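Please keep the sequence and the model in view while reading.

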Amino acid sequence: MGDSTAVKAALRAQRIETPSWAYANSGTRFKVFPQPGVPRTPEEKIADAAVVHRLTGVAPSVALHIPWDKVDDYAALTAYARDLGVEIGAINTNVFQDEDYKLGSVTNPDAGIRRKATDHLLEAIDIMDATGSRDLKLWFSDGINYPGQDDLRDRQDRLAAALRETYDRLGDHQRMLLEYKLFEPAFYATDVPDWGTSYAHCVELGERATVCIDTGHHAPGTNIEFIVAFLLRAGKLGAFDFNSRFYADDDLMVGAADPFQLFRIMYEIVRADALDPAYGIAFMLDQCHNIEAKIPAIIRSVMNVQEATAKALLVDRPALRAAQQAGDVLGANAVLMDAYNTDVRPLLAELRADGGLDPDPIAAYHRSRYQEKIVAERAGGTQAGWGA
């Protein structure tokens, strides 16, 4: 794309969804380090998300996680969000934090526990009906630790049955996003361990079932952009959960561990003309800010995605195609590297200024003194967190 006007137009239209849980306390399996000013309610999480959107201009929705964000009146919560200038995004289910799910949720050998888990998935669609959300996001921790612990094929049959019942409950405007994860907490076999398993179930279900790629959920050395390209070609890429990993599912800030990987992923999106929100891909963050300040980390993450996207948009695609067709190995690689090595921060600063935003969202956040405000206002009560 090269032309800065076209690049700016594409970046202006970009949308990045932030997760409610990233604003809350989180940690490792060893310890959660609480921070002052962390939200105590879903409303306070949404208020923080609204600040991120006001400063970046490209984060107009916030994903909810049930039951972490459970309220009595979801229509009122939706109205509250809209009053602050944001929308409720994907509804994420939780079938991994209940005692009953020790041996699995929808794949559990106990039919009563499977019923309980599936009912929760259906409850999430009821919530989507009230919030106007398009996307139901499913991730299952289900799996087994030892050979012989349970029947691998039976578990796939149970999974398929739960997914079918849930899919058939979706409204016409709603979609299912099926996430996968290589391992953890199941160590011998995970029931949805990779993109192929997710893809196969989605194909069986129908056109409104799509794969969600969490960038942290792969074995070392996995070529994630190949997965992106394959799923785009098949019309089955529904969403990203963006984060970074050094070893396993670290859920660090997107672009922190391997910004070149993020660029390569975003190039496949640009190459497929799939960046526009109308294409249907949800670009979501899924991160845990355990020791760093929450809101600045989320702002920085949004900026990281913008920078990778801007570089991807700067790839000289005709020159790249010509080099590829000519078999010019080094020339083709150089075209990509020229774009990646471009400093796009001045372009993004100009884009923000053009839209009436501060060119430096992090500096603007600190000047706003919002952090001091929420530390004072949110003293007392129980801080939100995922209970590690």
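The model is a predicted one.

- The volume of the second largest pocket is about 380 Å³.
- Its lining comprises 21 residues, of which E17, S61, G89, R134 and A282 are the closest to the centre.
- Sorted by class, the lining holds nine nonpolar, six polar and six charged residues.

**Strand β3**
- Strand β3 is largely enclosed by the rest of the structure, because five of its six residues are buried.
- Strand β2 (residues 61–65) pairs with β3 in the parallel sense, over four bridges.
- The bridge partner of V62 in β3 is I88.

- In soluble globular proteins, nonpolar side chains tend to be buried together.
- The largest nonpolar core here contains 99 residues, and F140, F240 and I269 have the most contacts inside it.
- Helix α9 (residues 294–313) provides the largest share of this core, with ten residues.
- Another core, of eight residues, lies apart from the largest one and includes W21, L177, A239 and M284.
- Neighbours within four places in sequence aside, F140 is in contact with V95, S105, V106, L121, L159, L163, L178 and V192.

Conventions: Residues are numbered from 1 along each chain as its sequence is written. This is a predicted model: local features need pLDDT of at least 70, side-chain atom pairs count only at pLDDT 80 or more; totals for chains, interfaces and linings use all residues. Side-chain values use heavy atoms; hydrogens and water are left out. On a 1 Å grid over the protein atoms alone, a cavity is a set of points where a 1.4 Å probe fits but cannot get out, and a pocket is an open set with protein on both sides within 12 Å along at least five of seven lines; lining residues have an atom within 4 Å of a point. Grid points are joined across faces, edges and corners, and a volume is the space filled by probe spheres set on the points. Ala, Val, Leu, Ile, Met, Phe, Trp, Tyr, Cys and Pro count as nonpolar, Asp, Glu, Lys and Arg as charged, and the others, Gly among them, as polar. A nonpolar core is a set of buried Ala, Val, Leu, Ile, Met, Phe, Trp, Tyr and Cys residues joined through side-chain atoms within 4.5 Å. Buried means under 20% relative accessible area, exposed over 50%, partly exposed in between (1.4 Å probe, protein chains only). Helices (H or I, at least four residues) and strands (E, at least two) are DSSP runs, numbered from the N terminus. Contact means heavy atoms within 4.5 Å. Two strands pair if DSSP finds at least two bridges between them.
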